[in-house]
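Here is a short note to read alongside the structure. Keep the view open and find each residue as it comes up.

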Amino acid sequence: MGNTERPRASAYERLGGDDGVRALVETFYDIIEQEDHAHDLHILHMRGFGVAHSREEQFNYLSGFFGGPQRYVMKHGHARLKEIHEHVPIGPEMRDLWLGCMGEAIARLRLEPDLAALLMRHLSAAAESARNRD
């Protein structure tokens, strides 16, 4: 008979598509800009192209990363995190701060627990792959 099961929805779809990814990114960067404990991450973003630029690029990246449109790849030709962040010093402390702020953003969105855990697993792997310092 064949397999009639519907394929599992991507994290992008489960998050709510563009609206859900945008909400995650905006919440994350609001934390970086407004919370004292995220100050070092905010400073790091200000040394680059600024937070507004980062908001858009992270939206583009996470859309594809979570299984939706590959906006970042279409714009830049790749999605290799180590290359994307080669100009930014990311050691274990900065990796953990980024991941903690992302976890805080996910918590603020009040996602279902299994989706939140899935996103954090993916983001943990991404954060480690972006690390370029010991």
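This is a predicted model: local features need pLDDT of at least 70, side-chain atom pairs count only at pLDDT 80 or more; totals for chains, interfaces and linings use all residues.

1. Look at helix 7 and helix 8. Helix 7 covers residues 92-109, and helix 8 covers residues 113-130. An angle over 145 degrees counts as roughly antiparallel, so helix 7 is roughly antiparallel to helix 8. The crossing of helix 7 and helix 8 is right-handed.

2. Now see who makes that contact. Helix 7 brings R95, W98, L99, M102, G103 and I106. Helix 8 brings A116, L119, M120, L123, S124, A127 and E128. Sorted by class, the contact of helix 7 with helix 8 has nine nonpolar residues, two polar ones and two charged ones.

3. R110 sits in the loop between them. Its phi is near 55 degrees. That is a positive value, and R110 is not a glycine. Is R110 buried or exposed? R110 counts as exposed, because its relative accessibility is 74% and the cut-off for exposed is over 50%.

4. Turn to helix 2 and helix 7. Their axes come within 9 Å and cross at roughly 125 degrees. The crossing of helix 2 and helix 7 is right-handed.

5. From helix 2 come A23, L24, T27, F28 and I31. From helix 7 come W98, C101, M102, E104, A105, I106, R108 and L109. By class, the contact of helix 2 with helix 7 has 10 nonpolar, one polar and two charged residues. Some names return from point 3. W98, M102 and I106 of helix 7 take part in the contact with helix 8, and W98, M102 and I106 also take part in the contact with helix 2.

6. Helix 2 has another partner to check. Helix 2 runs over residues 17-34, and helix 3 over residues 39-47. They pack at an angle of about 100 degrees, with axes 7 Å apart. Angles from 65 to 115 degrees count as roughly perpendicular, so helix 2 is roughly perpendicular to helix 3. In helix 2, F28, Y29, I32 and E33 meet L41, H42 and H45 of helix 3. The contact of helix 2 with helix 3 divides into four nonpolar residues, two polar and one charged.

7. Move to helix 4, residues 51-65, where E57 has its place. E57 counts as buried, because its relative accessibility is 12% and buried means under 20%. Which residue's side chain does E57 join in a polar contact of 2.7 Å? The partner is H76. Leaving out residues up to four places away in sequence, E57 touches Y72, K75 and H76.

8. R55 is in helix 4 as well. R55 is buried, with a relative accessible area of 12%. Not counting residues up to four places away in sequence, R55 touches R22, V25, E26, Y29, D30 and E33. One of these, Y29, also belongs to the contact of helix 2 with helix 3.

9. Next, find L81 in helix 6, residues 81-84. L81 is buried, with a relative accessible area of 12%. Residues up to four places away in sequence aside, L81 touches Y61, A126, S129 and A130. L81 and L41 are 40 residues apart in sequence. Their C-alpha atoms are 17 Å apart.

10. Finish with S129, which lies in helix 8. S129 is partly exposed, with a relative accessible area of 33%. Leaving aside neighbours within four places in sequence, S129 is in contact with L81 and K82. A polar atom of the S129 side chain lies 2.9 Å from the backbone oxygen of A126. A126 is also among the residues that L81 touches. S129 and F59 are 70 residues apart along the chain, and their C-alpha atoms are separated by 18 Å.

Note on methods: Residues are numbered from 1 along each chain as its sequence is written. Side-chain values use heavy atoms; hydrogens and water are left out. Axes are lines fitted to C-alpha atoms, for helices over the stretch in contact, and angles run from 0 to 180 degrees between N-to-C directions. Helices (H or I, at least four residues) and strands (E, at least two) are DSSP runs, numbered from the N terminus. Angles under 35 degrees count as roughly parallel, over 145 as roughly antiparallel, 65 to 115 as roughly perpendicular and the rest as oblique. A crossing is left-handed if the near helix is turned anticlockwise from the far one by less than a right angle, and right-handed if clockwise. Contact means heavy atoms within 4.5 Å. Ala, Val, Leu, Ile, Met, Phe, Trp, Tyr, Cys and Pro count as nonpolar, Asp, Glu, Lys and Arg as charged, and the others, Gly among them, as polar. Buried means under 20% relative accessible area, exposed over 50%, partly exposed in between (1.4 Å probe, protein chains only). A polar contact is a pair of N or O atoms within 3.5 Å; within protein, one must be able to donate a hydrogen and the other to accept it, and residues adjacent in sequence count only if both atoms are side-chain atoms.
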